[in-house]
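Welcome! Have a look at the structure, then work along.

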Amino acid sequence: MGRKIVVDPVTRIEGHLRIEVEIENGKVKEAWSSGTMARGFEAMLIGRDPRDASYVTSRFCGVCYSVHQLCSARALDMAFGAQVPWGGNLIRNLVMGAQYIYDHVLHFYQLSALDYIDIMAVTEYKGRDPDLLAIKEKIVKLVKAGDPHPLLPRYKPDEFCVRDPEVVLTAVKHYLDALKMHAKARNMGAIWGGRTPHYQNIVVGGVTSYPDINQVMQFKTMLDEQKRFVDDVYVKDVIYFGTGPLWKLAKTGLGAGHRNYLVYGDFPLDPNWKELVFPSGVVYDFDHTEPKVRPFDHNKITESVKYAWYREREPVHPFDGEQVFDLDKKGAYSFVKAPRYEGRAMEVGPLARMIVKKHPVLFDFFRRGGKVGVVARHLARAIETQLMVEACYRWLDQLLVEMTKPGFKIHDTDHWEPPAEGMGYGFHEAPRGALGHWVKIRDKKIANYQAVVPSTWNASPRDEKGQRGQYEESLIGVPCPDPENPINIVRVVRSFDPCLACAIHVIDPVTNEVRKFVVE
Amino acid sequence: MERLERDLEFYGVSRRDFLKYCASFAVLFGLSELEFTRRLAHAVEKAERKPPVIWLEGQDCAGCTVSFAGLLYPPVGAIILDKLSLRYHETLMASAGELAESVYHETVKEGGYVLVVEGSIPSSDDRFCLVGGRPFREIVLEASKNATCILAVGACASFGGIPKATVSKGMGVKDLVSGKPIINLPTCPVHPDHLVGTILYILTTGKLPELDDFNRPKMYYSQSIHDNCRRRGHFEAGNFLQDWNDPAQKDYCLFEKGCKGPMTYADCPIRRWNSGTNFCIDCGAPCVGCAEPGFYDEMSPIYTAESEASRKILALKKSGLI
């Protein structure tokens with residue numbers, strides 16, 4: 001029996017995550033991923049006006065804000081029989097495009113970068129760049145004053161930490177610049193979204209924000225600045241780190257996990273949804289020399305609750321899902337359920353999307369010896385940020401044409417009132433991956449509501465067959481020479497950009513049962 | 001190593017390229033972080049030590065953290081590094097697990113910190129929110145003891161917010177903690193100006209700002225959305241938006257789309273959001289009343305005039321009070 005270590009809380013993620021691993025001979029032998037917070041939004045929606053769902057579900061998460069708002073609105077669009085006009089879809093695309101740019105930049109710099117640099121190396125900087133000197137001086141001052149929070153303390157730097165003082169200082173500078181850039185990306189989204197986090201303009205049938213030409217120009221000007229940062233800083237940093245100081249790590253394939261990838265597909269580039277920024281598809285046992293992409297069919301999704309704190313039952317499709325909490329369930333260790341596709345544990349997110357899209361830059365990385373894993377995930381995320389920037393330019397051009405046509409529409413007003421009965425589902429490729437909402441309406445009210453979110457796929461516990469979730473599988477074999485300093489574990493987990501508040505949002509719709517609390 | 005250089009060249013990025021960018025970027029932004037620091041308020045400059053801050057997240061969505069991180073004027077980086085000693089913040093701190101917990105415990109022991117709470121506290125069963133294996137409720141109680149004051153940020157930490165309507169029965173800090181100064185900064189999420197402004201007010205004056213009956217600073221929450229709404233003329237004239245596609249009515253009053261502006265006290269129409277870019281009503285969406293203790297139940301349904309709040313507004317209108 002190896003030594004067990006627990007990382008709780010896993011920080012620099014959204015939500016509350018506990019990772020437990022068993023170490024043997026300096027490597028992870030077993031891993032358990034647990035979501036430790038639940039609010040119960042979905043059950044609370046039952047009996048309410050269905051239109052509330054897009055507002056409420058947006059609050060599943062404030063980091064990947066509004067992804068649920070959009071997904072929910074899409075599920076309601078179907079249930080209401082609403083046809084979103086192309087103008088409405090263009091604005092939905094643009095505000096979500098702004099959200100992507102913000103979200104991926106935030107993830108790389110604020111949530112991940114500190115795992116890859118030895119921040120104390122800045123004190124050894126001997127160069128004369130005034131900007132870098134200013135940052136050096138600031139950090140040295142903080143350390144001397146004995147108050148370097150929140151940059152320190154941290155896990156001890158290891159062989160994969162970059163120590164070149166100039167590189168580290170530059171990275172710290174980019175960390176500070178990124179704070180401003182993602183704030184600006186969010187301002188860009190607020191042009192039509194109203195404000196962030198949590199846009200206000202996405203509702204069933206379309207959007208509420210009637211655009212004008214000046215706003216299009218304002219968005220474009222702000223997008224130009226984002227493009228400069230994404231192309232010249234973010235993507236270059238990721239490539240520089242990934243193929244330079246971290247190339248050794250990239251070749252190890254640290255944190256690969258199950259090599260199964262799932263993409264629902266999203267972001268139409270034309271009114272008929274023929275061309276998508278992210279095409280849908282399924283890949284099993286990925287091999288970059290022969291990537292076989294299968295078509296996606298949502299009927300093949302099931303959710304297992306064997307190891308989750310919900311009433312025991314057979315795995316079912318999300319339309320028939322239920323969430324009866326059982327906080328005393330034996331063997332359960334997470335609030336996250338275990339979704340499976342054709343019974344398999346899948347990875348969703350940027351790496352899955354760029355694999356299914358067979359993006360040349362990523363496949364080049366593989367041909368040169370890079371493997372799926374931590375570094376590939378960061379690279380895929382950076383690549384698709386560029387794709388999103390380019391798509392935003394296209395959508396702005398299309399919007400300009402569209403809004404000057406007579407009868408321009410942003411909303412299907414004829415289908416604003418809830419139907420007596422209805423069923424619908426909506427899909428969205430959120431920054432963290434494939435997202436789906438399912439809704440049933442009875443007597444003009446919500447009768448059932450289910451969401452299967454990206455981090456539910458990635459952070460899931462074991463299923464009824466004992467198959468590990470993707471985080472868990474990714475941790476197996478990860479080197480952990482010093483159990484006091486499990487830096488590789490947080491690297492692997494953070495590379496997925498976990499969002500646990502999203503993953504756990506459910507509760508019993510039938511009995512609202514909550515068991516008595518027992519202090520351990 | 002040669003191999004690496006080749007790979008880098010293939011991608012068109014050299015180390016030089018990467019480092020060179022920095023200087024041009026600084027020009028783009030004008031002020032460096034350090035220069036900015038020098039210009040900050042004297043009171044804080046003189047302080048011998050930066051006030052420690054513990055930021056706890058309970059039943060939250062991290063939206064308030066993200067909102068705070070969106071501050072540009074001043075940049076949030078300057079606040080985090082120059083003005084405060086942010087000891088514990090799950091989403092931003094470098095450390096994790098036991099290491100993170102140890103910093104928390106040391107700071108609590110030391111005392112004299114500002115406690116920020118984001119997210120509600122489950123009141124029906126502690127197990128709905130465990131951090132480090134412990135009930136969040138216990139952590140809030142423990143961290144409150146040695147805090148100088150508590151800032152409840154966002155609707156959830158202030159009054160329970162949306163989680164209050166769920167089976168976990170989320171509650172605000174004030175429902176749990178007594179005997180400590182508590183400042184509520186509702187809205188969903190918190191407005192970054194409200195949070196940073198309140199902190200700066202306390203640091204500069206050494207006093208709490210004047211609070212209303214719901215512990216909200218009067219400087220931000222004393223006027224209704226309705227009183228400062230530029231669509232108010234349309235409310236008086238009875239012009240209510242019916243169709244979002246019609247340019248002629250795009251600036252009409254949103255009351256019939258569920259706007260709760262007359263029952264909601266916050267300075268959104270004046271201050272606006274995202275560095276003044278916009279706010280809910282200006283993007284054609286109704287005010288949802290997220291600054292009020294009754295949010296969300298009293299405000300639901302959100303998009304019609306049938307909620308409890310909307311009925312109150314109608315009654316006020318009938319009796320000529322608004």
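**Exercise 1: a sheet in chain A**

Three strands of chain A form an open sheet in the order 12-13-14, with antiparallel pairing. This is a predicted model, in which local features need pLDDT of at least 70, side-chain atom pairs count only at pLDDT 80 or more, and totals for chains, interfaces and linings use all residues. Residues are numbered from 1 along each chain as its sequence is written, chains are lettered from A and ligands numbered from 1 in the order in which they are written, and side-chain values use heavy atoms, leaving out hydrogens and water.

Task: describe the edges, the twist and the pairing of this sheet.

Solution. 
- Step 1. Strands here are DSSP runs (E, at least two residues) and helices are too (H or I, at least four), numbered from the N terminus. Two strands pair if DSSP finds at least two bridges between them.
- Step 2. Strand 12 (421–430) and strand 14 (445–452) of chain A are the edge strands, each pairing on one side only.
- Step 3. From one strand to the next, the twist averages 15 degrees.
- Step 4. Seven bridges pair strand 13 (residues 433–442) of chain A with strand 14 of chain A in the antiparallel sense. A:Lys440 has A:Asn448 of strand 14 of chain A as its bridge partner.
- Step 5. Helix 3 (residues 67–80) of chain A packs on the sheet and touches strand 12, strand 13 and strand 14 of chain A. Contact means heavy atoms within 4.5 Å.

**Exercise 2: two helices**

Task: at what angle do the axes of helix 5 and helix 6 of chain A cross?

Solution. 
- Step 1. The axes of helix 5 (residues 130–144) and helix 6 (residues 165–193) of chain A come within 10 Å and cross at roughly 85 degrees. Axes are lines fitted to C-alpha atoms, for helices over the stretch in contact, and angles run from 0 to 180 degrees between N-to-C directions.
- Step 2. Helix 5 of chain A is therefore roughly perpendicular to helix 6 of chain A, a term for angles of 65 to 115 degrees.
- Step 3. Among the residues making the contact are A:Ile135 of helix 5 of chain A and A:Leu169 of helix 6 of chain A.

**Exercise 3: domains of chain B**

Task: how many residues of domain 2 of chain B are in contact with domain 3 of chain B?

Solution. 
- Step 1. Chain B is divided into domain 1 (2–30), domain 2 (36–220) and domain 3 (226–318), with bounds from an automatic or database domain assignment.
- Step 2. In domain 2 of chain B, 22 residues are in contact with 14 residues of domain 3 of chain B.
- Step 3. The centres of domain 2 and domain 3 of chain B, taken over C-alpha atoms, are separated by 29 Å.

Conventions:
Angles under 35 degrees count as roughly parallel, over 145 as roughly antiparallel, 65 to 115 as roughly perpendicular and the rest as oblique.
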